[in-house]
Amino acid sequence: MELTELPNIGKEVSKKLIAVGIDTPEKLIELGSKQAFIRIKSIDDTACFSMLQGLEGAVQGIRWHHLPDPIKKDLKQFFDSLK
């Protein structure tokens, strides 16, 4: 399976994941969205909250729009803590 077969992961995000050593869906799922996001943020200052939500959706196998509110709130707190 390719990274782009996961929900929310297009060609650009896939390239960024591969650039930071996450080259399979299994690695992304094992590492988790937050750690993956931290890695991407280290090479891409433009990494945004929507990308973090997209990564979490990919880990869970759902479109990020369908993430439950408690998870979205947790991700927002995490994202804000990185500033």
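The model is predicted: local features need pLDDT of at least 70 and side-chain atom pairs count only at pLDDT 80 or more, while totals for chains, interfaces and linings use all residues. Residues are numbered from 1 along each chain as its sequence is written, and side-chain values use heavy atoms, with hydrogens and water left out.

Figure 1. The pattern along the sequence is α-α-α-α-α. Helices (H or I, at least four residues) and strands (E, at least two) are DSSP runs, numbered from the N terminus. The C-alpha atoms fill a box of roughly 30 × 25 × 20 Å along the principal axes. Of the 83 residues, 37% are buried; buried means under 20% relative accessible area, exposed over 50%, and partly exposed in between, with a 1.4 Å probe and protein chains only. Among contacts (heavy atoms within 4.5 Å) with a separation of 6 or more, 43% join residues 24 or more positions apart.

**Figure 2. Asn8, in the segment before α1 (11–19).** Phi of Asn8 is near 75 degrees, a positive value in a residue other than glycine. Most residues other than glycine have a negative phi. With a relative accessible area of 18%, Asn8 is buried.

**Figure 3. Gln53, in helix α4 (residues 49–60).** Is Gln53 buried or exposed? Gln53 has a relative accessible area of 5%, so this residue counts as buried. Leaving aside neighbours within four places in sequence, Gln53 is in contact with Trp64, Leu67, Lys72 and Leu75.

**Figure 4. Lys72, in helix α5 (residues 69–81).** Lys72 is partly exposed, because its relative accessible area is 22%. Beyond neighbours within four places in sequence, Lys72 is in contact with Phe49, Gln53, Trp64, His65 and Leu67. Lys72 and Leu55 are 17 residues apart in sequence, and their C-alpha atoms are 12 Å apart in space.
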